[in-house]
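Colleague: I have a new model on screen and want to learn how to read it. Can we go through it feature by feature?

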Amino acid sequence: APSPPPDFKTCGIATITADGPPVPYTCCHLPMPSNVNTIPYYKLPSMTKVRIRQPAHTVDEEFIAKYNLAISRMKELDEKEPLNPLGFKQQANIHCAYCNGAYKIGEKVLQVHQSWLFFPFHRWYLYFYERMLGKLIDDPTFALPYWNWDLPKGMRLPPMFDREGSPLYDERRNPQVRNGTVMDLGSFGDQVQTTELQLMSNNLTLMYRHMVTNASCPLLFFGGRYVLGSTQGVQGTIEKIPHTPVHIWVGTKKDSILPNGKKSYGEDMGNFYSAALDPVFYCHHSNVDRMWNEWKQIGGKRRDLSQKDWLDSEFFFYDENKNPYLVKVRDCLDTKKMGYDYAPSSTVWRNFKP
Ligand code: C2O
């Protein structure tokens, strides 16, 4: 059966890890709608202008200033209007609610990772987040940048996120990500010690493998069928690599001591409950989302799933005007129809057949 929207009445305490301590605040959407049955379905607005998402390492200072302004306005809402769904923490908590056990459907826990819900959930999440940022700076063409980690020049933290004290900076990152260090897209912990050139070439080979060789049909790319309440999901190729290694690479080292004196559970990027507290989360997921479009262009059997259980699965979000909506997977398959697209960037990994 398709996955229905969360049951707000049973929204409860999220936990930091499956058997770990509780998240010390509520992750449930605030204000919480009283009745899921009265929430309308979202209709894609007819667009005048398309938002074009740019590679994060290529944006100019004017864009960086706008982006910083928009994020700082979101962060101000946390203090001034804690119940405003456009607030920065409110937005981050969406990830916590959908992934750390707060939202349930009946008795069963909702989890949007490790299954075919991964791509559509994050697409809709970023869709509303991007419109909110645009709304906060009165720019209906504002588009999220994408962290172009599939291109050698993009295989490091985009520099605009590394400016200490700026709204895009996050103190809860592993210091290893600073100052232009090249990442290992395949690492779940220890980075390979080798030259930058070798790392980049390894990364391109991984990209080829996870976009082409190992992702020859929809279930391999999107991930396994979603079974409610089960934790035995099957990840799609890109969710597994490089999506998860990027999270782990950026977040603080597990079991280290955080700036606030507490033990690290990978915060921020390395744990579902806290990942979206790092502004780079959305920039990372913008590229994950772009991979969905790129994958469909490779050909063969690489097209969207046709199963109704996928197409009719639903999520809940607030839009940029603070109105609550239900959305369906079937309405997020074409980003142009959703009013945004990706500025092209060379897909050099296509030439890195292992
Ligand atoms: Cu919802 Cu990158 O995880």
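**Reading the model, feature by feature**

Modeller: Start with one residue and its contacts. Setting aside residues within four places in sequence, histidine 243 is in contact with Ile238 and Val288. Keep in mind that this is a predicted model.

Colleague: Is histidine 243 buried or exposed?

Modeller: Count C-beta atoms around the residue; 20 or more others within 10 Å means buried. Histidine 243 has 23 C-beta neighbours inside 10 Å, so it counts as buried. It is found in helix α6.

Colleague: Where is histidine 247, and what does it touch?

Modeller: Histidine 247 is placed in helix α6. Not counting residues up to four places away in sequence, its contacts are Met269, Gly270 and Ala275. Histidine 247 has 20 other C-beta atoms within 10 Å, so it is buried.

Colleague: At which other residues does UniProt place the feature "binding site"?

Modeller: The unreviewed entry also gives "binding site" at His95, His113 and His122. Again, compare sequence with space. They are spread over 28 residues of sequence but cluster in space; the largest C-alpha distance is 10.3 Å.

Colleague: Where is histidine 95, and why does it count as buried?

Modeller: Histidine 95 belongs to helix α2, residues 88-99. It counts as buried because 24 C-beta neighbours lie inside 10 Å. Beyond residues up to four places away in sequence, histidine 95 touches Phe272, Ala275 and Ala276. Ala275 is also a contact of histidine 247.

Colleague: And where is histidine 113 found?

Modeller: Histidine 113 is in the loop between β3 (108-109) and α3 (118-136).

Colleague: Which residues of α4 are buried, and what covers them?

Modeller: The buried residues include Leu199, Met200, Asn203, Tyr208 and His210. The cover over the buried residues of α4 includes α6 and α7.

Colleague: How do α1 and α2 pack?

Modeller: Look at the angle and the distance between the axes. Helix α1 (residues 61-80) and α2 pack at about 95 degrees, with axes 6 Å apart. Angles of 65 to 115 degrees count as roughly perpendicular, and α1 and α2 are therefore roughly perpendicular to each other. The contact residues are Met74, Lys75, Leu77 and Asp78 in α1, and Phe88, Lys89 and Gln91 in α2. By type, the residues of this contact divide into three nonpolar, one polar and three charged.

Colleague: What should I look for in the backbone?

Modeller: Most residues other than glycine have a negative phi, and most peptide bonds are trans. Then look for departures. Leucine 30 and proline 31 are joined by a cis peptide bond, with omega about -10 degrees. Proline 31 lies in the segment before β1 (51-53). Isoleucine 241 and proline 242 are also joined by a cis peptide bond, with omega about 5 degrees. Proline 242 is found in helix α6, residues 237-250.

Colleague: Which residues have a positive phi although they are not glycine?

Modeller: Aspartate 255 is one, with phi about 70 degrees. It sits in the loop between α6 and α7 (280-298). Aspartate 255 has 9 other C-beta atoms within 10 Å, so it is exposed. Lysine 322 also has a positive phi of about 70 degrees. Its place is the loop between β4 (314-318) and β5 (324-328). Lysine 322 has 13 other C-beta atoms within 10 Å and is therefore partly exposed.

Technical notes. Residues are numbered from 1 along each chain as its sequence is written. This is a predicted model: local features need pLDDT of at least 70, side-chain atom pairs count only at pLDDT 80 or more; totals for chains, interfaces and linings use all residues. UniProt positions are given in the numbering used here, feature names are shortened, and annotations may be inferred rather than shown by experiment. Helices (H or I, at least four residues) and strands (E, at least two) are DSSP runs, numbered from the N terminus. A residue is buried if 20 or more other C-beta atoms lie within 10 Å of its own, exposed if 12 or fewer, and partly exposed in between; C-beta atoms are placed from the backbone. Two residues are in contact if their C-beta atoms, placed from the backbone, lie within 7 Å. Axes are lines fitted to C-alpha atoms, for helices over the stretch in contact, and angles run from 0 to 180 degrees between N-to-C directions. Angles under 35 degrees count as roughly parallel, over 145 as roughly antiparallel, 65 to 115 as roughly perpendicular and the rest as oblique. Ala, Val, Leu, Ile, Met, Phe, Trp, Tyr, Cys and Pro count as nonpolar, Asp, Glu, Lys and Arg as charged, and the others, Gly among them, as polar.
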